[in-house]
Amino acid sequence: MLCNHTESTPPAHPPQIRAPVRIVALRRRLARPAVVTLCLLGISGIFTPLIWGAVSHSQARAETQAAHWLGRALPDNRSPGAKELREGIQKLEEQDVQLALESFIEARRLGVGTRVEEAALFLAAECRARSAVGTQDLRTAIVALDESRRRYPHSLSAQWALWRIGSLNLRQGLEEEAVARYEQLLREDPASNPLISFIRLDLADVYASQSRYEQAAKILKLVRQYPPDPDSLGQATVGLGDMAHVQGQYRQAKDLYELVQLQWPEVLHSRPVSLFGMGDTYLRLGDWPRAMHLLNTGYGLHPRAPIAPMMLVRMADGLKLHGRTQQAQAMYQTVVERYPGTEGELSALLGLGRLAETEALAGAPEAEVRNIFGAIVKRWDTNMAAAEALVHLAQSYQRTGSLEEAASTYDRLLRRGDAGPWRIQGRQGLEIMLRGLSAAGDVVQVSNLFLRHKALL
C-alpha cells in the first residue's frame with residue numbers, strides 16, 4: 001500500500017504536458033552542442049555516474065557520528081579544558097565551525113596529557129574537515145586526522161578518524177583510496193568497533209558506484225543482520241532493494257522496497273535513486289499506476305537530483321507502453337528541453353526516435369528518424385547508445401532504398417568495439433541487402449558490397 005504524504009511532504013507534481021508537437025520541431029534544438037557526454041549502459045549505467053549519493057551519504061554519516069563518538073567519554077567538568085571542550089562540541093552541533101575550532105584548540109592547550117587533549121585533537125581535525133572548500137584544505141584536514149591517529153592509535157577516535165579520512169578521499173573523487181580505508185577498518189577487529197555498521201553502509205555505497213553490486217549486497221546484508229539503530233536497518237534494506245533492482249531481480253526488489261515503504265518511508269523518500277528504482281521495478285512488473293505514482297512522487301520531491309530526468313523518461317516510457325503516444329512524446333520533449341546534455345536527454349531522444357520510427361513504418365517520412373538518431377550518433381559517438389542509433393539509421397536508409405548509405409552505416413556499426421547486442425542486427429541488415437540485390441540480379445553491386453564488407457560478414 002502506498003504511503004500518504006504528510007503535510008510536511010508536499011505531493012509530487014508532474015511537469016505540465018503541453019499539446020504534442022511534431023518531432024521534426026526538435027531539429028533546431030538538436031543543432032545545439034551537448035553540454036556533457038555521458039554513458040548510458042542500460043539500468044546499471046544510469047546509476048554509475050550518479051554514484052548512488054555515495055559522497056553525500058558518507059559525508060553525512062561521518063559528520064553525524066563525529067561529536068557523538070568523540071565526545072562520549074568526556075572527562076568531568078573539573079578537568080582542565082573540559083569546559084572549553086564542551087563549548088566546542090556545542091558550537092559544532094550549531095554548525096559554527098570556526099568558533100568550535102577555537103574552543104578545541106584552547107581545550108587542547110589546557111588539557112595537555114589528558115583525555116581532554118585527545119578529544120580536542122580529533123574534534124579540531126573534524127572542524128578542519130567540515131570547513132574544507134578545496135583540495136588543499138581537504139589534504140590539510142587529512143593530515144590533521146592522521147596526526148590524531150598517530151597520537152592515540154588504540155582509541156575509538158583513531159578508528160573514527162580513519163573512517164573520516166576515507167570520506168574525505170571520497171569527496172575528492174579518490175574512490176580507491178576511500179575503499180582502502182574502509183576495508184582496512186573492516187579487517188581490524190570489526191567486532192570491537194561500534195562504528196562498523198556505518199562504515200559498511202559507506203563501503204556499500206562506493207561498491208555500488210563502481211558497479212560491484214554483489215559485494216555491496218553482501219555488506220548490506222551484514223548491516224541488516226546487526227543494525228546499530230532503526231535508521232541503519234532502513235538504509236540497508238533500501239540499499240538491498242537498489243542492488244536487486246539494478247541486477248534485474250525485480251520481484252526481490254519489490255519486496256524489499258515495499259518493506260521500506262511500510263516501515264521507513266522517510267528513508268525511501270530521502271533517496272531519489274531508490275524512488276526511481278521502486279518506480280522502475282513496478283513498471284517492469286506491469287503495475288503501471290504504482291510506477292507512475294512513485295516516479296511522480298520522486299520527481300516532485302527531488303526535481304534537481306541527477307536522476308530526476310530519468311524519472312520523467314520512465315514515466316514517458318510507461319505512457320508509451322500503454323498507448324498514450326502523444327503524452328509520451330510531449331514528456332520526452334520536456335526532458336530534452338529541461339535537461340540538455342544529460343543521460344536523461346539521451347534516453348528521451350532514443351524514445352522520440354523510436355516513436356518516429358513507428359510512424360515511419362506506418363508510412364510517415366523517414367526524415368524525423370534520421371534527424372533524431374543522426375543527432376545521437378553525432379553528439380554521443382563515444383556512447384554505447386550511438387551503436388543502437390546506427391542500427392535505426394541504417395534501417396531507415398534501407399527502407400527507402402538508399403543502399404550505399406545503409407551499407408556505410410552498418411559498416412560504422414560493425415567496426416565499433418561497443419556494438420554489443422546490435423552487432424547481430426548489423427550483420428543481418430547487410431545480409432538482407434545482399435540477398436535482395438542478388439534476387440534482383442544486380443551482380444555487380446552484390447560483388448561490390450560483399451567485397452567491401454567481407455571481413456565484417
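Predicted model: local features only at pLDDT ≥ 70, side-chain atom pairs only at ≥ 80, totals over all residues.

Visitor: Which residues of α10 and α11 meet?

Guide: From α10 come Ser197, Arg200, Leu201, Leu203, Ala204, Tyr207 and Ala208, and they meet Tyr213, Gln215, Ala216, Ile219, Leu220, Leu222 and Val223 of α11. Sorted by class, this contact of α10 with α11 holds 11 nonpolar residues, two polar and one charged.

Visitor: What makes α17 and helix α19 (residues 343-361) roughly parallel?

Guide: The cut-off for roughly parallel is an angle under 35 degrees; the axes of α17 and α19, which come within 8 Å, cross at roughly 20°, and the two helices are therefore roughly parallel to each other. The crossing of α17 with α19 is left-handed. On the α17 side the residues are Pro309, Met310, Val313 and Lys320, which meet Glu343, Gly344, Ser347, Ala348, Arg354 and Leu355 in α19. Of the residues in this contact, five are nonpolar, two are polar and three are charged.

Visitor: How do you know that α15 is roughly parallel to α17?

Guide: Helix α15 (residues 272-284) and helix α17 (residues 308-321) pack at an angle of about 10°, with their axes 10 Å apart. Since the limit for roughly parallel is under 35 degrees, that angle makes α15 roughly parallel to α17. The α15 residues in the contact are Pro272, Leu275, Phe276, Asp280, Leu283 and Arg284, while α17 contributes Met310, Met311, Arg314 and Gly318. Here the contact of α15 with α17 divides into six nonpolar residues, one polar and three charged.

Visitor: Why is Ala82 called buried?

Guide: Ala82, which is found in helix α4 (residues 82-93), has a relative accessible area of 2%. Buried means under 20%, so Ala82 is buried. In sequence Ala82 and Phe104 are 22 residues apart, and in space they are 9.7 Å apart, C-alpha to C-alpha.

Visitor: And why is Gly401 called partly exposed?

Guide: Gly401 is found in the loop between α21 (385-399) and α22 (403-414), and its relative accessible area is 49%. Partly exposed lies between the 20% limit for buried and the 50% limit for exposed, so Gly401 is partly exposed.

Visitor: How many residues are in the largest nonpolar core, and which have the most contacts inside it?

Guide: The largest nonpolar core has 58 residues, and those with the most contacts inside it are Met311, Leu312, Tyr332, Leu349, Phe373, Ile376 and Leu413. Leaving aside residues up to four places away in sequence, Ile376 touches Leu346, Leu349, Leu350, Asp381, Ala385, Ala386 and Ala389. Apart from that core lies another, of 43 residues, including Ala132, Ala141, Ile142 and Val206.

Conventions:
Residues numbered from 1 in each chain as written. Heavy atoms only, no water. Axes fitted to C-alpha atoms, helices over the stretch in contact; angles between N-to-C directions. Helix = DSSP H or I, 4+ residues; strand = E, 2+ residues; numbered from the N terminus. Parallel < 35°, antiparallel > 145°, perpendicular 65-115°, else oblique. Contact = heavy atoms within 4.5 Å. Nonpolar A, V, L, I, M, F, W, Y, C, P; charged D, E, K, R; others polar. Buried < 20%, exposed > 50% of the residue type's maximum accessible area, 1.4 Å probe, protein only. Core = buried A, V, L, I, M, F, W, Y, C linked by side-chain atoms within 4.5 Å. Left-handed = near helix turned anticlockwise from the far one by under 90°.
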